[in-house]
Amino acid sequence: MTVPTKSEVNASSLPRKNLCLSVVEPNIKDKESSQELDMILTQYLESLYQRKKYHIGYPTNMSYEHHAILAPLLQFSLNNCGDPFTQSPVDFHSKDFEIAVLDWFAQLWEIEKDEYWGYITNGGTEGNLHGLLVGRELLPGGMIYASADSHCSIFKAARMYRMEIETINTLVSGEIDYEDLRTKLLLNQNKPAIININIGTTFKGAIDDIDLVVQALEYCGYSNDRYYIHCDAALCGLIVPFIKHAKTITFKKPIGSISVSGHKFLGCPIPCGIQITRKSYVNSLSKVEYIASADITISGSRNGLAPIFLWYNLSMKGHAGLKQDSKMCIENAQYLKDRLLKEGISAMLNEFSSTVVFERPCDHKFIRRWQLCYLSGMTHVVVMPGITREIIDSFLNDLMQERKNWYQDETTLPPCLADDIGSQNCLCSYQKMHY
């Protein structure tokens, strides 16, 4: 095993190195072997602390503050196996906490307690897999419609379930192209429609308009019993409800299911998600005798710690805390976008989103240092709770210093992003010259 040196650990701006670990048999007589294990864990933990302020490219809330209080739960193996609304035959579960969390989200999304069913998943992908599965079971032979900017799990679901999928074009914002949706719905009128709506696309943070999608379905002659709508609200599902003038995410509209991630905006040290659908859609599924439960989940055995962490965090934050977090992230995202534009860097920010899209840095080391993801000539920063203006300023200072090196030779120019983020957001030399 390779033990990192203290200087390597303390180099916070450098990416964490692979530790090249192996599992070795313990030597009871050798105290140094256990000390080495402790050293590896201590230094690994220190490297995570150091790299935390450079984690700006992926949507994870790294500011979970309740780990110390909840740490004693780690001594128990808690398994929420099967349906959360069915009593477990053993005591080592947290289904009571799980139901409290589900009730909270049901109230947020305006569906009555006796009209919904749901469970806490292992993440957004599982929520999408379950939502589309419910749609397929309700509408056998249905075709999935998803925008090109949808999460990869939507296309994974189509492959896993061997379903036809129609990819819909997107607007420059990343929002679904409603005209293209209508065109493709008309081409496949003989097949039921299972539609994925994005409440915050993966890369641009765009929010599809549920009302316009429903209008497209009605225009194309689809009755309520011939379509199913799943809402992938992985990130923005906990932002949009707390922002003034944003359209409501609600089961009062003709949607079939909503999924949201628990470890993203809300924050949880364990990847998890919440999936809610209409109770009438899942009533016909069978009971499994072995676990004395109707297992209509994807994963069966599920982490029993996640519901407690979510319950505690929701209870500590409440609506007021989430509203404050949402407002702060939106304002900090606007601040980042304005600073980028002021420095002459092409940038875009969708309404009600905290994802700032801008030109991709030239240097892969810089991308890795700030843990950015990229697509073609674009990259983005997802402003989450914990990403302060101090961190944003530090990033911008680093970016501007590096840009001087990248573009000191006038033959190398920043990319044109007019086609990617719109000409009004592109500040490349061509756009400046022609507009």
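A: The strand order is E1-E7-E6-E5-E4-E2-E3, in an open sheet of seven strands with mixed pairing. Strands (E, at least two residues) and helices (H or I, at least four) are DSSP runs, numbered from the N terminus, and two strands pair if DSSP finds at least two bridges between them. This is a predicted model, in which local features need pLDDT of at least 70, side-chain atom pairs count only at pLDDT 80 or more, and totals for chains, interfaces and linings use all residues. Residues are numbered from 1 along each chain as its sequence is written, and side-chain values use heavy atoms, with hydrogens and water left out.

At the edges stand E1 (116–121) and E3 (165–168); each has a single partner strand, so one side of each is left without a neighbour in the sheet. From one strand to the next, the twist averages 15°; angles run from 0 to 180 degrees between N-to-C directions, and axes are lines fitted to C-alpha atoms, for helices over the stretch in contact.

E3 runs parallel to strand E2 (residues 143–147), and four bridges join the two. In this pair, Ala-146 stands opposite Thr-167 of E3.

Helix H5 (residues 124–138) packs on the sheet. H5 touches E1, E2, E4 (193–198), E5 (227–232), E6 (257–261) and E7 (273–278), where contact means heavy atoms within 4.5 Å. The direction of H5 makes about 175° with that of E5.
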